[in-house]
Amino acid sequence: MEKKKFDTPFARKLLERVPINYRFMYANITEHIGELRMREKFSRSDKHRAEQYLNYPLAKPVSNFIIRKDNDK
Amino acid sequence: MILVLTHSYFEQGTDPVIDWLLYYKAPFFRICVEDLVAQKVNYSFDIDKGSVIINGVDYSQKVTVIFFRRFYRYLYYEEGEPLGDVSRKVFYEANNELEHFVEALFDAFKDKIWFPVSEMVNVNKPKISAAAHRAGLLSPRSRVINNKTGLLEFKEECPHGCITKSICRISYYTFGKYTYSTYATSVDDDVLAMLPERFFPALFQEKVMADYEVRVFYLDGEFFATAAISTDKDRLVDIKQSFYKESLKWATYQLPKDMEAQLDKFMRWIGLVTGSIDLIKTVDGQYYFLEVNPVGQYSAPSWQGGYQIERRIAEWLIQKNNMHGKEKI
């Protein structure tokens with residue numbers, strides 16, 4: 001069911017002057033927001049020229065393998 | 001040569017494409033926006049000739065294709081005690097200096113092949129919505145309204161009510177343990193009660209009765225579609241709120257050919273070679289166009305649909321490089 005209880009960190013005076021969407025915010029536990037990557041540990045990769053390289057796959061091109069039934073034997 | 005323009009923080013779409021560029025041994029180099037101000041490498045930009053010399057090498061001649069991946073972000077320059085309004089002014093001015101420099105650089109590189117073109121990266125939702133309407137795509141009726149009376153009239157016109165969402169984007173606000181964010185919000189009695197008679201202009205959109213939502217990654221005429229099907233009878237207005245719920249199921253999806261042709265024509269018309277398109281399939285079988293994000297995330301649909309979108313992007317970049325560049329692989 002849609003959460004009805006909005007929660008905004010902003011003061012009423014400010015809310016009167018800014019876009020209305022700031023009134024209709026939801027509070028979530030920071031660590032639970034996947035997009036913020038709070039739980040992830042990064043490395044670096046010179047090959048990728050990346051200072052924050054993720055060491056495990058999100059959607060890496062890991063395989064072109066075709067798994068057949070007889071592979072299970 | 002392929003130039004990858006991004007920022008130095010983790011950006012989930014960039015490295016997986018670079019994985020494939022490495023796999024194919026494609027010539028590329030990566031510039032993060034932070035590199036421009038890091039003072040680690042000598043470079044100069046000849047404004048008259050449009051050439052960019054990095055460590056003595058003219059890259060303007062070498063670059064053929066540009067993978068433009070969320071390059072621009074505001075940079076913070078201040079260390080130590082903040083100076084209030086003064087530092088805010090410095091922050092804006094320093095970022096404006098950089099932004100103007102970057103714009104001039106992009107202009108000098110405008111004849112390169114961009115994925116996608118830089119001018120289209122920050123798409124304007126109302127403009128795109130109007131363009132979709134003109135192109136004959138079904139899209140929810142949209143209004144920007146600044147008063148409650150006008151909002152109530154609009155809501156009356158919409159058979160299933162309306163929603164509100166930001167005109168551009170409202171980001172995350174983190175205060176320690178909690179982070180605040182916004183989603184598309186149904187305009188119901190609770191919302192109406194929280195609004196004064198006049199307010200900051202806001203975007204309102206007709207609510208469309210969805211059977212399911214279709215998320216499409218578009219790549220130069222190819223479509224990689226995934227349907228998000230909610231088994232929850234009280235589904236949330238904004239699908240993003242349901243991403244981690246078990247009731248939301250993802251399935252690979254084939255759009256009807258005429259819908260693909262219509263979307264392809266639209267994307268070419270607005271000048272986008274790529275984009276993440278959100279559609280709603282209504283209970284009566286129609287497709288409504290919601291929005292397109294030229295730099296949308298593709299990792300999840302790639303994974304869920306087994307599409308290997310990152311590989312397709314890398315192959316597209318390489319193909320364009322081989323067709324038009326001097327350094328081929």
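Two strands pair if DSSP finds at least two bridges between them. The model described here is predicted.

**The A–B contact**

That definition applies across the chain boundary. Strand E1 (residues 25-29) of chain A and E11(B) run antiparallel, joined by 5 bridges. Within this pairing, Asn28(A) stands opposite Thr179(B) of E11(B).

In total, 43 residues of chain B are in contact with 35 residues of chain A. Several elements of chain B give two or more residues to this side, among them helix H1 (14-23), strand E11 (178-182), strand E13 (198-206) and helix H8 (309-324). H1(B) gives the most, with 6 residues. By class, the side of chain B that touches chain A has 22 nonpolar, 13 polar and 8 charged residues.

**Strand E14 and its partners**

In strand E14 (residues 210-219) of chain B, 7 of the 10 residues are buried, so the strand is largely enclosed by the rest of the structure. E14(B) pairs with strand E17 (residues 274-282) of chain B and with strand E15 (residues 222-230) of chain B. The table gives both pairings.

E14(B) and E15(B) form a hairpin with 2 residues between the strands. There, Asp220(B) takes a positive phi near 45°.

**Helix H3**

Helix H3 (residues 125-134) of chain B has three faces of interest: what is buried, what is exposed, and what follows the helix. Its buried residues are Ile128(B), Ser129(B) and Ala132(B). Seen down the axis of H3(B), these fall within an arc of 100°, so they line one face of the helix. On the other side, Lys127(B) and Arg134(B) are exposed.

The buried residues of H3(B) pack against strand E8 (142-147), helix H6 (257-270) and strand E18 (287-293) of chain B. Just after the helix, Gly136(B) takes a positive phi of about 90°.

**Nonpolar cores**

The largest nonpolar core has 56 residues. Ile2(B), Ile66(B), Phe67(B) and Leu317(B) touch the most other members. H8(B) supplies the largest share of this core, 6 residues.

Leaving aside neighbours within four places in sequence, Leu317(B) is in contact with Ile2(B), Val65(B), Phe67(B) and Phe115(B). A second, separate core has 9 residues, including Tyr183(B), Val187(B), Phe204(B) and Val237(B).

Conventions: Residues numbered from 1 in each chain as written. Chains lettered and ligands numbered in written order. Predicted model: local features only at pLDDT ≥ 70, side-chain atom pairs only at ≥ 80, totals over all residues. Buried ≥ 20, exposed ≤ 12 C-beta atoms within 10 Å, placed from the backbone. Helix = DSSP H or I, 4+ residues; strand = E, 2+ residues; numbered from the N terminus. Arc of directions from axis to C-beta. Contact = placed C-beta atoms within 7 Å. Nonpolar A, V, L, I, M, F, W, Y, C, P; charged D, E, K, R; others polar. Core = buried A, V, L, I, M, F, W, Y, C linked by C-beta atoms within 7 Å.
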